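I opened my notebook for a first look around this model. Here is what I looked up, in order.

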Amino acid sequence: YQASSTDIFGFLPGESVTHNENSALFPQSPYAAAKAAAFLLCRVYRQGYGIRAVSGISSNHESHRRPGDFLSAKIARHVAALRRAGADARDTVPPLELGNLKSRRDWGYAPDFALGAMRILRQVPVRGELSGEPEEDIAANYRDYILGTGVMHSAWELADSAFRLGGFELDWRLGGADQARWGASFRDSGQRAIVVNPDLMRPTDPLAIGADPSRAIDELGWSPTRGLERFLREMIDSRGA
């Protein structure tokens, strides 16, 4: 099993941002380029050498195990810190610094993706059981599958959902071409809650990458959980809030 990423598809203005297994590869970062190379190598070994090797092309998948330098974990840690501080000491917690608030991704729940990976590994018997048409367990019958929820959210929506779960309602400033002026304030006090740090804006970060998991759902009976709250609540609570 080769753990690939929907980042291998990249983003082209004016083109579809939702990708399936037939979408062209267009990696736009060193990470995506490495993932694309591994994806192609996996396919070469399967098609050329008869090795039963497959890629699970996953969108962002989150849980309480996320390292702290990832966006979701960074947001969850900040919300947990605000809850621990309480209303009287909330002003002692500096505003959360984020990058591109317009960036859109398909965020899902990591345990669902682990189950999806297992189904991809067992795809030949799984497809046979579901369709009633057994297949020979050979490399030629193995396919790559995309795992995702099929729903995209903006980075600011991810942050808004986390703050709301923590009990904080925000008012957002999302207008104008200069994102450095974007951000959010606590609705009850007007105090700054989120600011944009231009140094966190990645020059190669695609604006939007979506996933179409139809093949995995139809052929493998996979069922992803949709909604940001499923993993955000777990991530916030695990950080001691």
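I began with strand β12, residues 192-196, and asked how much of it is covered. In this predicted model, 4 of the 5 residues of β12 are buried.

Next I looked for the partners of β12. Strand β5, residues 96-98, pairs with β12 in the parallel sense, and I noted 3 bridges. Within that pairing, I found Leu96 opposite Ile194 of β12. Strand β11, residues 183-186, is also joined to β12 by 3 bridges, but here the strands run antiparallel. Ile194 turned up again, as the bridge partner of Ala184.

I then followed the chain between β11 and β12. The two strands form a hairpin with 5 residues between them, and Gly190 in the turn has a positive phi of about 80°.

How much space lies in the largest pocket? I wrote down about 1,200 Å³. Its lining has 41 residues, and Asn60, Arg66, Phe70, Leu71 and Arg202 lie nearest the centre. I checked which elements supply at least two lining residues each, and β5 is one of them, as are α1 and α2. Helix α3 gives the most, with 4 residues. By class, I listed 16 nonpolar, 15 polar and 10 charged residues in this lining.

My last entry is the second largest pocket, with a volume of about 170 Å³. Among the residues lining this pocket I noted Phe9, Phe11, His19 and Phe26. Its lining divides into 5 nonpolar, 5 polar and 1 charged.

Key. Residues numbered from 1 in each chain as written. Predicted model: local features only at pLDDT ≥ 70, side-chain atom pairs only at ≥ 80, totals over all residues. Heavy atoms only, no water. Buried < 20%, exposed > 50% of the residue type's maximum accessible area, 1.4 Å probe, protein only. Pairing = 2+ DSSP bridges. 1 Å grid on protein atoms, 1.4 Å probe; cavity = no way out; pocket = protein on both sides within 12 Å on 5 of 7 lines; lining within 4 Å. Points joined across faces, edges and corners; volume = space filled by probe spheres on them. Nonpolar A, V, L, I, M, F, W, Y, C, P; charged D, E, K, R; others polar.
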